Amino acid sequence: MINKAKKLNDDLKELDVSKEYFNLKKLILEDSYLNELLDVINKTQKEMKEHLKNNDIKSYNASKKTLEVLKQEFIENPLINNYIVVKKEVYDVLEQVVNILSE
């Protein structure tokens, strides 16, 4: 049984959509701009929490606006955009496999 599962796993990894998914994931992890952007997003989120803790609503709202711009910039990046589309395609394939196995 384990051998069949490993074979299925190997077959799924050989699909073009899976290869594209793993390639995009690797490119994203290696992209310095995206990693810096994620760091700024995380820093901004932490600042927002501090502003809330200190009841500094004005600063919180300013950070929130900044965060929205940063997130939009992240989502609109072509690598991220392609990754999201391909990830959905991979999940669709996996959902089909699950449906077939559950019959």
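Which residues in helix 3 meet which residues in helix 4? In this predicted model, the helix 3 side of the contact consists of Tyr33, Leu34, Leu37, Leu38, Val40, Ile41, Thr44, Gln45, Glu47, Met48, His51 and Leu52. Their partners in helix 4 are Ile57, Ser59, Tyr60, Ser63, Lys64, Leu67, Leu70, Lys71, Glu73 and Phe74. By class, the contact of helix 3 with helix 4 comprises 13 nonpolar, 5 polar and 4 charged residues.

Two packed helices are described by the angle between their axes and the distance between the axes. For helix 3 and helix 4, the axes come within 9 Å and cross at roughly 160 degrees. Angles over 145 degrees count as roughly antiparallel, and helix 3 and helix 4 are therefore roughly antiparallel to each other. Their crossing is left-handed.

Ile41, with neighbours within four places in sequence left aside, is in contact with Leu67, Leu70, Lys71 and Phe74. His51, which also lies in helix 3, touches Asp56, Ser59, Tyr60 and Ser63 when residues up to four places away in sequence are not counted. The relative accessible area of His51 is 18%; the limit for a buried residue is under 20%, so His51 is classed as buried.

The loop between helix 3 (32-53) and helix 4 (57-76) contains Asn55. Phi of Asn55 is near 60 degrees, a positive value in a residue other than glycine. Asn55 counts as exposed because its relative accessibility is 61%, where the class requires over 50%.

The crossing of helix 2 with helix 5 is left-handed. From helix 2, Val17, Ser18, Glu20, Tyr21, Leu24, Lys25, Leu27 and Ile28 take part in the contact. These residues meet Leu79, Ile80, Asn82, Tyr83, Val86, Lys87, Glu89, Val90 and Val93 in helix 5. The contact of helix 2 with helix 5 divides into 11 nonpolar, 2 polar and 4 charged residues.

The largest nonpolar core has 17 residues. Ile28, Leu34, Ile41, Phe74 and Val86 have the most contacts inside this core. At least two core residues come from each of helix 2 (16-30), helix 3, helix 4 and helix 5 (78-101). Helix 5 gives the most to the core, with 5 residues. Among the residues with the most contacts in the core, Ile28 and Val86 also belong to the contact between helix 2 and helix 5, while Leu34, Ile41 and Phe74 belong to that between helix 3 and helix 4.

Conventions. Residues are numbered from 1 along each chain as its sequence is written. This is a predicted model: local features need pLDDT of at least 70, side-chain atom pairs count only at pLDDT 80 or more; totals for chains, interfaces and linings use all residues. Side-chain values use heavy atoms; hydrogens and water are left out. Helices (H or I, at least four residues) and strands (E, at least two) are DSSP runs, numbered from the N terminus. Buried means under 20% relative accessible area, exposed over 50%, partly exposed in between (1.4 Å probe, protein chains only). A nonpolar core is a set of buried Ala, Val, Leu, Ile, Met, Phe, Trp, Tyr and Cys residues joined through side-chain atoms within 4.5 Å. Contact means heavy atoms within 4.5 Å. A crossing is left-handed if the near helix is turned anticlockwise from the far one by less than a right angle, and right-handed if clockwise. Ala, Val, Leu, Ile, Met, Phe, Trp, Tyr, Cys and Pro count as nonpolar, Asp, Glu, Lys and Arg as charged, and the others, Gly among them, as polar. Axes are lines fitted to C-alpha atoms, for helices over the stretch in contact, and angles run from 0 to 180 degrees between N-to-C directions. Angles under 35 degrees count as roughly parallel, over 145 as roughly antiparallel, 65 to 115 as roughly perpendicular and the rest as oblique.
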